[in-house]
Amino acid sequence: MTASDNWEDGAPPGFENVGDEIPPEIQLDQAARQAIVDHRESLSAAEHESAEATTAALFDLLGRAHSMRILHAFATTPDALRFGELNEELSVSPNTLSARLSEFVDAGLLDRTEYDEVPPRVEYEPTETAEALFPAFGFIGFWAETHDLD
């Protein structure tokens with residue numbers, strides 16, 4: 001069972017058109033927030049525990065150095081990315097970038113494809129699981145257009 005199986009139309013209220021262009025003024029209103037709370041309360045103890053464990057593991061992974069920037073790079077390009085492209089775009093140390101990419105592959109967020117070429121070529125592509133996270137980057141982007149951090 002997936003999280004979307006718990007919602008009548010596959011998405012919580014306020015997130016029905018998450019894949020569409022979302023104007024920056026979109027806010028999660030009180031009714032949508034309450035629907036999310038009600039949904040969480042409707043979960044069985046096992047479902048709630050599983051969701052909490054997955055959320056904690058995801059936050060742990062996303063909280064590591066440069067994780068959000070790396071995933072954002074995948075969220076904002078339709079193509080597979082190579083290590084060198086990511087390194088150049090993000091200016092992340094090679095060791096850190098390599099560690100994060102390996103962690104994302106291990107977590108099922110990226111697929112790694114090696115090509116038998118000289119020089120060797122390795123490409124990374126987001127999995128469906130990662131693509132399901134990408135709307136969050138859109139919301140963060142819209143938020144950043146209208147808010148500043150002091």
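Which residues does glutamate 123 touch, not counting residues up to four places away in sequence? They are Ala80, Leu81, Arg82, Asp111, Arg112, Thr113 and Tyr115, where contact means heavy atoms within 4.5 Å.

Before we go on, keep in mind that this is a predicted model, in which local features need pLDDT of at least 70, side-chain atom pairs count only at pLDDT 80 or more, and totals for chains, interfaces and linings use all residues. Residues are numbered from 1 along each chain as its sequence is written, and side-chain values use heavy atoms, with hydrogens and water left out.

Let's stay with glutamate 123. You'll find it in strand β3, residues 121-126 (helices, H or I with at least four residues, and strands, E with at least two, are DSSP runs numbered from the N terminus). Why does glutamate 123 count as buried? Because its relative accessible area is 16%, and buried means under 20%, with exposed over 50% and partly exposed in between, using a 1.4 Å probe on protein chains only. Its side chain makes a polar contact with the side chain of tyrosine 115 at 3.3 Å, and another, of 2.9 Å, with that of arginine 121. A polar contact is a pair of N or O atoms within 3.5 Å; within protein, one must be able to donate a hydrogen and the other to accept it, and residues adjacent in sequence count only if both atoms are side-chain atoms.

Now zoom out to the sheet. It's an open one of 3 strands in the order β1-β3-β2, with antiparallel pairing. The edge strands, each pairing on one side only, are β1 (81-82) and β2 (110-115). Two strands pair if DSSP finds at least two bridges between them; β2 and β3 have 6. A hairpin takes you from β2 to β3 through 5 residues.

Next, look at helix α3 (residues 67-75), which lies across β1, β2 and β3 and runs at about 85 degrees to β3. Axes are lines fitted to C-alpha atoms, for helices over the stretch in contact, and angles run from 0 to 180 degrees between N-to-C directions. The axes of α3 and helix α5 (residues 94-106) come within 10 Å and cross at roughly 65 degrees. At that crossing, Ser67, Ile70, Leu71 and Phe74 in α3 meet Leu97, Arg100, Leu101 and Phe104 in α5.
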